[in-house]
Amino acid sequence: SQPVSQAMLSIQGFYTIVYGYEPTNLFDPWKIYDTTVPTYVNDLHNLEFGKGYWINVSTNITLHLSSGDNASALDTRSFPLPPATCYGQISASNGFVPKAGMVLSAWVDGALCGQGQTLDFGEQVVYAVNVFAQDQVIGCGAPGKSVTFWIGAQKLMPTTQWDNNRVQEVTLHPSSLHKTYLPTIIKDG
């Protein structure tokens, strides 16, 4: 076992995302390390011998690891596709005030595809959520599908496109109520 940043030194500058998969963790099976995101997004801290990882690289490259005497290749065909990961700040408005500990849910075509809890980060309320691929949860993410976010009964905007090739920063805010303004007519006399 070694820290992700140390394990990835041989390809430093050529990777952005590392996903680890823990199938026994039903609530949050995907762990992520991304070189470009705030610390609250990263929850994959170590690479461990005998576990499989998805690594997003920018070019064909060989990763060199210290593997010990019992190294063997894992069959990754049984792994589901990695999720799309979204993170960012949640803004207050329209009487909605986000706070730490709220459950944020991500939906694709009416299917619940991910959940996370809001956090205090500095003086902001933030979130990070993995949105499952359709091969892991039927009806969930695939390229081109829209992801909507909710906290309880409050829909948040904007929606975003499901994309597991990069981690997406999406600043969320409550959807505004659609108001229709009619002209004022004043009758003389």
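A residue counts as buried here when its relative accessible area is under 20%. Take Cys 86 as a test case: with a relative accessible area of 1%, Cys 86 falls well on the buried side of that cut-off. Keep in mind as we go that this is a predicted model.

Let's start with the strands. Four of them form an open sheet, in the order β9-β10-β6-β13, and the pairing is mixed. At the edges stand β9 (119-121) and β13 (167-169); each has a single partner strand, so one side of each is left without a neighbour in the sheet. From one strand to the next, the twist averages 30 degrees. Within this sheet, β6 and β10 (residues 124-131) run antiparallel and are joined by six bridges. If you want a spot to look at, find Tyr 87, which stands opposite Ala 128 in β10. As a reminder for reading any such sheet, side chains in a regular strand alternate between the two faces.

Now move along to β11 and β12. These two form a hairpin with two residues between them, and Gly 152 in the turn has a positive phi of about 60 degrees. Ser 146, for instance, stands opposite Gln 161 in β12. Strand β12 also has a link to β14 (residues 173-174): two bridges join them, again in an antiparallel arrangement. There, Leu 156 has Pro 174 in β14 as its bridge partner. The peptide bond from Met 157 to Pro 158 is cis, with omega near 0 degrees.

Next, the cysteines. How many disulfides does the count come to? It comes to one. The partners are Cys 113 and Cys 140, with their sulfur atoms 2.0 Å apart. Cys 113 lies in strand β8, while Cys 140 is in the loop between β10 and β11 (146-151), so the pair ties together parts that are 27 residues apart in sequence. The torsion about their S-S bond is about -95 degrees, so this disulfide is left-handed. Both Cys 113 and Cys 140 are buried.

Asp 109 lies in the loop between β7 (103-108) and β8 (111-117). Asp 109 has a positive phi of about 50 degrees, although it is not a glycine. Is this residue, Asp 109, buried or exposed? Its relative accessible area is 62%, and the cut-off for exposed is over 50%, so Asp 109 counts as exposed.

Finally, let's visit the surface. Phe 14, Val 57 and Ile 61 make a nonpolar surface patch of about 210 Å². One of these residues, Ile 61, lies in the loop between β5 (53-57) and β6 (84-89). Ile 61 has a relative accessible area of 32%, which makes it partly exposed. That value is between the 20% and 50% cut-offs, so Ile 61 is neither buried nor exposed by these terms.

Note on methods:
Residues numbered from 1 in each chain as written. Predicted model: local features only at pLDDT ≥ 70, side-chain atom pairs only at ≥ 80, totals over all residues. Heavy atoms only, no water. Patch = residues over 30% accessible without salt bridge, like charges linked within 9 Å, V, L, I, M, F, W, Y side chains within 5 Å. Areas by Shrake-Rupley, 256 points an atom, 1.4 Å probe, with all protein chains shown as cover. Salt bridge = Lys/Arg side-chain N within 4 Å of Asp/Glu carboxyl O. Helix = DSSP H or I, 4+ residues; strand = E, 2+ residues; numbered from the N terminus. Buried < 20%, exposed > 50% of the residue type's maximum accessible area, 1.4 Å probe, protein only. Pairing = 2+ DSSP bridges. Axes fitted to C-alpha atoms, helices over the stretch in contact; angles between N-to-C directions. Disulfide = S-S within 2.5 Å.
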